[in-house]
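Please look through the following comments on charged side-chain contacts with the coordinates open beside them. They are arranged as numbered points, each of which can be checked separately.

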Amino acid sequence: MLHMNITVRQEVKRDYAVVFEINKAAFEQNEEAELVDALRKSKAFIPELSLVAVAGCKAVGHILFTKAIIKNESGEEFESLALAPMAVHPDFQMAGIGSKMINYGLDKGRELGFKSVTVLGHDMYYPKFGFMPASNWNIRVPFDVPENIFMAIELTPGGLDGVSGIVHYADEFQSVC
Ligand SMILES: CC(C)(COP(=O)(O)OP(=O)(O)OC[C@H]1O[C@@H](n2cnc3c(N)ncnc32)[C@H](O)[C@@H]1OP(=O)(O)O)[C@@H](O)C(=O)NCCC(=O)NCCS
């Protein structure tokens, strides 16, 4: 496994069933797999940012970035991306695949013109990609979470300058939050 050749590419229709199985296996439940199915049909879906990691010709990881809006107290809205969910099949974890998908996704998001990404997740994992506590920008989620697990990253220098407020996710997320 150490010498696996891993490539990351945009997910296509024939990956959907495998992506469902990857999420189900990684999260040990169906919720995230079903969330991905629902998000593909949502307005927040960006096909170029639903990515699979492929080992040989088999998808073994999946990551999704969807459109999110950060809305400040004056009602101003800023477009951002939400990273979620992300999964690597348990047989392939701890081999750098997750990292490869994140870096690829951040580059693609930048290329598509997005200025920032937020994520709710492990505070030992995401900072190594440049994520910082979203509280640095006074960006919050509309529910109670420990401050350290809600993070953001600028995709361009100053990408979050003047941005603050509450992140609004695609409605589909409410089914798992
Ligand atoms: C989180 C996940 C996608 C990481 O994928 P991966 O391919 O194993 O990650 P990588 O090999 O790139 O990175 C491994 C690194 O992450 C750390 N790591 C992996 N899973 C972690 C976890 N659950 N908590 C904290 N750190 C974790 C490892 O310690 C390792 O650190 P190192 O690079 O300093 O040695 C994978 O573990 C997974 O699918 N987990 C279950 C689903 C999940 O929790 N998804 C994230 C929330 S949406």
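1. For the comments below, a residue is called buried when its relative accessible area is under 20%, exposed when that value is over 50%, and partly exposed in between. The model under review is a predicted one, and a search of the whole structure finds six salt bridges, of which some are taken up here.

2. Glu 11 and Arg 40 join their side chains in a salt bridge, with an N to O distance of 2.6 Å. This pair links distant parts of the chain, since Glu 11 sits in the loop between strand S1 (6-10) and helix H1 (16-27), while Arg 40 belongs to helix H2 (residues 31-40), 29 residues apart.

3. Within helix H3 (residues 97-111), Asp 107 and Arg 110 lie three residues apart, about one turn of the helix, and their side chains form a salt bridge of 2.8 Å, N to O. Asp 107 has a relative accessibility of 44% and therefore counts as partly exposed; Arg 110, at 35%, is likewise classed as partly exposed.

Conventions. Residues numbered from 1 in each chain as written. Predicted model: local features only at pLDDT ≥ 70, side-chain atom pairs only at ≥ 80, totals over all residues. Heavy atoms only, no water. Salt bridge = Lys/Arg side-chain N within 4 Å of Asp/Glu carboxyl O. Helix = DSSP H or I, 4+ residues; strand = E, 2+ residues; numbered from the N terminus. Buried < 20%, exposed > 50% of the residue type's maximum accessible area, 1.4 Å probe, protein only.
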